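This report describes selected features of one protein model. Please look over the sequence and the coordinates before reading on.

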Amino acid sequence: MSQTVLNSNVPNGPLAEKWQNHKNEMKLVAPNNKRKYDIIVVGTGLAGASAAASLAELGYNVKAFCYQDSPRRAHSIAAQGGINAAKNYPNDGDSVHRLFYDTIKGGDFRAREANVHRLSEVSSNIIDQCVAQGVPFAREYGGLLANRTFGGAQVSRTFYCRGQTGQQLLLGAYSGLMRQVAAGKVTMFPRREMLDLVNVDGVARGIVCRNLQTGEFETHSAHAVLLCTGGYGNVFYLSTNAKGCNVTAAWRCHKRGAFFANPCYTQIHPTCIPVKGDYQSKLTLMSESLRNDGRVWVPKKPDDHRAPGQIPDEDRDYYLERRYPSFGNMVPRDVASRAAKERCDAGYGIGETGMAVYLDFKRAISEQGEDAIRAKYGNLFHMYQKITDENPYQSPMRIYPAVHYTMGGLWVDYNLESSVPGLFVLGEANFSDHGANRLGASALMQGLADGYFVAPYTVGHHLASRNLKPVTTAHPNFEKTKQEAKGRVEKLLGVNGKRSVQSFHRELGQIMWDYCGMARNADGLKMAAEKIVSLKEQYWKQVFVPGSGADFNQQLELAGRVADFMEFGELFAKDALAREESAGGHFREEHQTEEGEAKRDDENFAHVAAWEHQEGGEAVRHKEELKFEVVTPSTRSYK
């Protein structure tokens, strides 16, 4: 494997001054020249909508693409619990440095210091921006914005809108976006799926997309492309992600030269409604914020099938409080997820499958009253009751870990620019900021930080620094790339096999969950890679895609995404196999402490693994060494 060291382009100087100094030194585009530049933004979640709105406000001409019928249907709308910011409103000891440290530690010391510090610095600006947009954050009695705590923190720094924070933040960004649409600075292209990246002279200059209503292939040119397309959690089939979430845009960019970093870093969220049966196509998340007032427990005796109300306190094991007295139920997600799995695997799980634990609000309701709990979490309790037909005010919720978020993504430097010049990657689609495990309420923070406060500077620097020749879709590279994208679609339609796309996706997901899920080992990862290769061969011989490509065809959309998931799943297994350590959400059974905690190998793996695609050959693994100037990596303890 290659030992190429990637250049992160992190500025020199003290950590706390890097971003300000960098902004001072970046080249600018004069206001009257911004109208000369076209920028493509793919995806309209928090990262995409905020970036498109901000760049258009500055004067650039923006084309925004989404596969939904409206930008406000982006999956950011599903986020529940909150958004972090180091404002220290509760006066409980928070600061920019503490948010920075918690994020680095929470990611098991596998994130780039400079990016995380910048994220912490701009976090407060995000809240001010959103309040100005009218986002209805929860407020204290006196009118100040309310805060609650989240996993991996001992301060209250999470701003929230009951259990609908993502929805409200997205509506704020959407309002800014639509203002620019009305002003004529943003052109919206809904119901479009990006199928390829167009490079001209080694620089990203446009995209190929398919109109999902008409089947028509389109090409669009620009001076820069921003990819804001979310994560790849649906490679597991069952996840908390919306069914449309996919890896296709990122994967096609990867095959055009963008390195894919740390694909094995996947977050398992500890607070999800458990799997009920084989018929399910997705899982539902219960916000981590519930662990503020809910206590996680299992019976002390294995196979105790009594109703939870009949099990007295002395027969309950509040195992997170027992194991991690300093953080209790608010340990980070990877720690809470592994602890739940361990209890269930040991025979203490509850429910019909034995693969669940209780999340109990009895004490909180007795102390605060049902009205107070309803005010904080009412919509979440309502959703739980609708799905399970159980009243969580009267009996505990049942929860179990599920795939939720992906920390890996396309590799980007400090400017959020990928290894393809001119291709910027924002939000969950990049690998940046979260390391091997994302702290709760940091996804919304990163998406909005990238879109509102980072990309407007760094994209401008790219445009001012390069002599970008005029390029239109008449350039031969656009037609060539479009024909290649068309060919893939026609190939899928031409297989005409007998197995449904969904059956292949479900089988792929089972392989991923069994061998690349909450716990991994070398033999299992090798087995996963072999099984995926075999499944991929079957797919191209046996898949059946009904209909044609000349009109609305959701099975065709899914078929292309599943084909990319298979290729990506193979790289996922390779990355997990190559990382001979446990870190955050990547838990290798061969590398754990006597107490079953993750055991890092800082000597050999304190780096980002970034994979380069090789057409017709094995992917090449490159490294970006992680340097810690302020934080000293230590054994991660929440006890």
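## Basis of the values

The model is predicted; local features need pLDDT of at least 70, side-chain atom pairs count only at pLDDT 80 or more, and totals for chains, interfaces and linings use all residues. Residues are numbered from 1 along each chain as its sequence is written, and side-chain values use heavy atoms, with hydrogens and water left out.

Helices (H or I, at least four residues) and strands (E, at least two) are DSSP runs, numbered from the N terminus. Buried stands for under 20% relative accessible area, exposed for over 50%, and partly exposed for the range in between (1.4 Å probe, protein chains only).

## Strands and sheets

Strands of a sheet pair through backbone hydrogen bonds, either parallel or antiparallel. Here two strands are counted as paired if DSSP finds at least two bridges between them. An open sheet of five strands has antiparallel pairing and the order β11-β15-β14-β12-β13. Its edges are β11 (266–272) and β13 (316–317); each has a single partner strand, so one side of each is left without a neighbour in the sheet. Within this sheet, strand β14 (residues 357–360) and strand β15 (residues 397–406) run antiparallel and are joined by three bridges. Leu359 stands opposite Met397 in β15.

Strand β20 (residues 607–612) is mostly covered, with five of its six residues buried. Six bridges connect β20 to strand β21 (residues 620–625), and the two run antiparallel. In this pairing Ala610 stands opposite His622 in β21. Strand β10 (residues 260–261) is also antiparallel to β20, joined to it by two bridges. Phe260 stands opposite Trp611 in β20.

## Nonpolar cores

A nonpolar core is a set of buried Ala, Val, Leu, Ile, Met, Phe, Trp, Tyr and Cys residues joined through side-chain atoms within 4.5 Å. The largest has 152 residues, of which Ile83, Phe137, Leu226, Leu227, Leu423 and Tyr539 touch the most other members. Helix α15 (residues 554–578) gives the most to this core, with 13 residues. Apart from it lies another core, of 31 residues, including Leu320, Leu359, Phe361 and Ile365.

What does Ile83 contact beyond its neighbours within four places in sequence? With contact taken as heavy atoms within 4.5 Å, the partners of Ile83 are Ile126, Ile127, Phe137, Arg157, Thr158, Phe159, Thr165, Leu169, Ala441, Leu444, Met445 and Leu448.

Ile39 is found in strand β1 and is buried, with a relative accessible area of 0%. The C-alpha atoms of Ile39 and Ala222 are separated by 5.2 Å, although the two are 183 residues apart along the chain. Ala222 is also among the contacts of Ile39 outside four places in sequence; the others are Leu55, Tyr60, Asn61, Val62, Lys63, Ala224, Leu226, Val459 and Leu463.

Thr44 lies in the loop between β1 (38–42) and α2 (46–58). Its relative accessibility is 4%, so Thr44 counts as buried. A polar atom of the Thr44 side chain lies 3.2 Å from the backbone oxygen of Pro71. Not counting residues up to four places away in sequence, Thr44 touches Ala49, Ala64, Phe65, Cys66, Pro71, Ala74, Leu170 and Met188.

## Cysteines

How many disulfides does a search of the whole structure find? The search finds zero, a disulfide being a pair of cysteine sulfur atoms within 2.5 Å. Cys209 is in no disulfide, and the nearest cysteine sulfur, that of Cys66, is 11 Å away. Cys209 is buried, at 1% relative accessibility.

For Cys344, the closest cysteine sulfur is in Cys272, at 13 Å, which is too far for a bond. Cys344 is likewise buried, with a relative accessible area of 7%.

## Positive phi angles

Asn9 has a phi near 55 degrees, a positive value in a residue other than glycine. Asn9 is placed in the segment before α1 (18–25). With 34% relative accessibility, Asn9 counts as partly exposed.

Phi of Asn88 is also positive, near 55 degrees, and this residue too is other than glycine. Asn88 lies in the loop between β3 (83–84) and α3 (96–106). Its relative accessible area is 22%, so Asn88 is partly exposed.

Definitions and conventions:
A polar contact is a pair of N or O atoms within 3.5 Å; within protein, one must be able to donate a hydrogen and the other to accept it, and residues adjacent in sequence count only if both atoms are side-chain atoms.
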